[in-house]
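Here's a quick briefing on how the inside of this protein is put together. Have a look at the structure first, then we'll go through its packing, its cores and its pocket.

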Amino acid sequence: DVFRNNPVSVGLDLSARNDLTAAVCASMDSDGVVHLLPFVFCPANGIEERSRRDRAPYDLWVKQGQMFAIGGSSMDYEHIATYLRDTLDDLDIKPTSIEFDRWRIDIFKKEADVVQFAQWAEWNSVGQGFKDFAPRVEAFESLLLENRIRHGNHPLLNLAASNAIAVSDPAGARKVDKSKSTQRIDPLIAAIMATFAVSEGETTQTFDINALIG
């Protein structure tokens, strides 16, 4: 009901082959608590090998419905966009914004347009450097410390949080550094972006996605 009755932002962190692709929905209730609904995808081929490599039971999580295996050896963005469209439609959840890392977004957005996923949502680019990510990390951390995030103990969010490494610049601004993390942190990145949009949305920058995809 929180997602049906309040604005919903989707944090989107894409991958191409070995990493995870994460789409995390966030919505804030009337008490100022942010609720998270994660969707995490991986290629179906080689899932057992990746489970051993990352020391994470991806194959078990797929069987339990906590993770979604996409056919082939690489990410099928059309399949992902279709899954998100159908699942959110079934839940009567209508995203108001998509918060994304620009990497490969041009490819994903083309597929999203084809299957009509999030047609009426604003698509907002989120820089991954200190300037843009520091306020998002601070807001997410504050909400956690205030016990104002409901995450359902999702195993992929737990995995990402345990793997995440925060780095600081000389001014003390912090970001989550993908290059410093040895394991998968995509769900956490997506959650941080989506959470900020619904809790501190006035600073979100709208991105002209049509100019990018031409």
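A residue counts as buried here when its relative accessible area is under 20%. Keep in mind that this is a predicted model.

**Helix α7**
- By that cut-off, α7 (155-163) has these buried residues: Pro155, Leu156, Leu157, Leu159, Ala160 and Asn163.
- What do the buried residues of α7 pack against? Their partners are β3 (34-43), α3 (58-63) and α8.

**Nonpolar cores**
- The largest nonpolar core is made up of 38 residues, and Leu12, Tyr58, Phe108, Phe117 and Trp123 are the ones touching the most other members.
- Helix α4 (residues 77-90) puts in the largest share of this core, at 5 residues.
- Another core, of 23 residues, sits apart from that one, and Phe133, Leu143, Leu157 and Met193 are among its members.
- As a general point, nonpolar side chains in soluble globular proteins tend to be buried together.

**Largest pocket**
- The largest pocket holds about 280 Å³ of space.
- Its lining runs to 16 residues, with Phe140, Leu144, Ala161, Leu188 and Ile192 lying nearest the centre.
- Sorted by class, the lining comes out as 12 nonpolar, 2 polar and 2 charged residues.
- Which elements each supply at least two lining residues? They are α6 (130-145), α7 (155-163), β9 (174-176) and α8 (186-199).
- α6 gives the most to this lining, with 4 residues.

Definitions and conventions. Residues numbered from 1 in each chain as written. Predicted model: local features only at pLDDT ≥ 70, side-chain atom pairs only at ≥ 80, totals over all residues. Heavy atoms only, no water. Core = buried A, V, L, I, M, F, W, Y, C linked by side-chain atoms within 4.5 Å. Buried < 20%, exposed > 50% of the residue type's maximum accessible area, 1.4 Å probe, protein only. 1 Å grid on protein atoms, 1.4 Å probe; cavity = no way out; pocket = protein on both sides within 12 Å on 5 of 7 lines; lining within 4 Å. Points joined across faces, edges and corners; volume = space filled by probe spheres on them. Nonpolar A, V, L, I, M, F, W, Y, C, P; charged D, E, K, R; others polar. Contact = heavy atoms within 4.5 Å.
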